[in-house]
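Please go through the report below alongside the sequence and the three-dimensional view. The headings take up the fold and then the contacts between side chains.

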Amino acid sequence: MHKVLHVGPDTCSVVSKLLKEEDTEAWGVEPYDIEDVEESCKSLVGKGIVRVADIKYPLPYKPKSFSLVIVSDALDYLSPKYLNKTLLELARVASDGLIIFAGTPGHQKAKVAELSKFGRPAKMQSSSWWIRFFDQISLKENETAVKKFEQAASKSSYLPACQVFHLNPYH
């Protein structure tokens, strides 16, 4: 059984898809207010499967609660003060790994209308910046996962529109 935590916008749709996978339990944290959402999302929130919570604060989960933590489009909006704490918190609740999807510098900038939703514009960092940052907080890349992802991406000619990092959790 895999327990997966997704953190980021569109958590309801990601969790819904993961729940359809055999041997997978899925949970989610939507870091932004959800407005005008579908009934299925309201149902997931009502059941406590998806939480709406500010990721700048500690997560209400025990250490190693999830085999995998997936973070998409959420870290680019945090100030350095909160990025440090939040990433350590996400690593704390992961038992097998952490996957980070971060924006690509020069792409996907937040629109003015989104600034109030996110609280601040996205700060798109380079891959080398992220790798130095991960090293500073003692998070190491999972080289096996990176190779598997690259092989799978190559086979299907998949070219990600963002930066993808596979990290080992803290143990």
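## Aspartate 54 and lysine 56

In this predicted model, aspartate 54 has a relative accessibility of 35%, so that this residue is classed as partly exposed. Its side chain meets that of lysine 56 in a salt bridge, with a distance of 3.9 Å from N to O. Lysine 56 is likewise assigned to the partly exposed class, its relative accessible area being 27%.

Lysine 56 also has an aromatic contact, for it lies over the face of tyrosine 82, at a distance of 4.9 Å from the ring centre. The residue therefore takes part in a salt bridge with aspartate 54 while being placed over the ring of tyrosine 82, and its relative accessible area of 27% is to be read together with these two contacts.

## Overall architecture

The chain contains 6 helices and 6 strands, and these elements follow one another along the sequence in the pattern β-α-β-α-β-β-α-β-α-α-α-β. Of its 171 residues, 42% are counted as buried.

The 6 strands make up an open sheet with mixed pairing, in which the order is β3-β2-β1-β4-β5-β6. At the edges of this sheet are β3, covering residues 50-52, and β6, covering residues 163-167, each of which pairs on one side only. On average, and with direction ignored, neighbouring strands of the sheet are turned against each other by 15 degrees.

## Strands β1 and β2

Within the sheet, strand β1 (residues 2-7) and strand β2 (residues 24-30) run parallel and are joined by 6 bridges. Lysine 3 has glutamate 25 of β2 as its bridge partner, and leucine 5 stands opposite tryptophan 27, again in β2. Strand β2 is mostly covered, since 5 of its 7 residues are buried.

Besides its bridge partner in β2, lysine 3 has a contact with an aromatic ring: its charged end sits over the ring of phenylalanine 66, at 5.7 Å from the centre of that ring.

## The disulfide

The count of disulfides in the model comes to 1. The link joins cysteine 12 to cysteine 41, with a distance of 1.9 Å from S to S, and it is right-handed, with 50 degrees about the S-S bond. Cysteine 12 belongs to helix α1 (residues 11-19) and cysteine 41 to helix α2 (residues 39-46), so the pair, with its members 29 residues apart, links distant parts of the chain.

## Salt bridges in the rest of the chain

Side chains of opposite charge can pair when their charged atoms come close. The structure holds 3 salt bridges, one of which is the pair of aspartate 54 and lysine 56 described above.

Another joins glutamate 89 to arginine 92, whose closest N and O atoms are 2.7 Å apart. Both residues belong to helix α3 (residues 80-92), and because they are 3 residues apart there, about one helical turn separates them. Glutamate 89 counts as buried at a relative accessibility of 14%, whereas arginine 92, at 25%, counts as partly exposed.

A further salt bridge is formed by the side chains of lysine 140 and aspartate 135, with a distance of 2.6 Å from N to O. Lysine 140 is partly exposed at 43% relative accessibility, and aspartate 135 is partly exposed at 48%.

## Aromatic pairs

Which residues are linked into a cluster by ring pairs? The cluster consists of Trp129, Trp130, Phe133, Phe134 and Phe165. For the whole structure, the search finds 10 aromatic pairs.

Methods
Residues numbered from 1 in each chain as written. Predicted model: local features only at pLDDT ≥ 70, side-chain atom pairs only at ≥ 80, totals over all residues. Heavy atoms only, no water. Phe/Tyr/Trp six-rings, centres within 6.5 Å; stacked < 30°, edge-to-face > 60°. Lys NZ or Arg CZ within 6 Å of the ring centre and 35° of its normal. Pairing = 2+ DSSP bridges. Helix = DSSP H or I, 4+ residues; strand = E, 2+ residues; numbered from the N terminus. Axes fitted to C-alpha atoms, helices over the stretch in contact; angles between N-to-C directions. Salt bridge = Lys/Arg side-chain N within 4 Å of Asp/Glu carboxyl O. Buried < 20%, exposed > 50% of the residue type's maximum accessible area, 1.4 Å probe, protein only. Disulfide = S-S within 2.5 Å.
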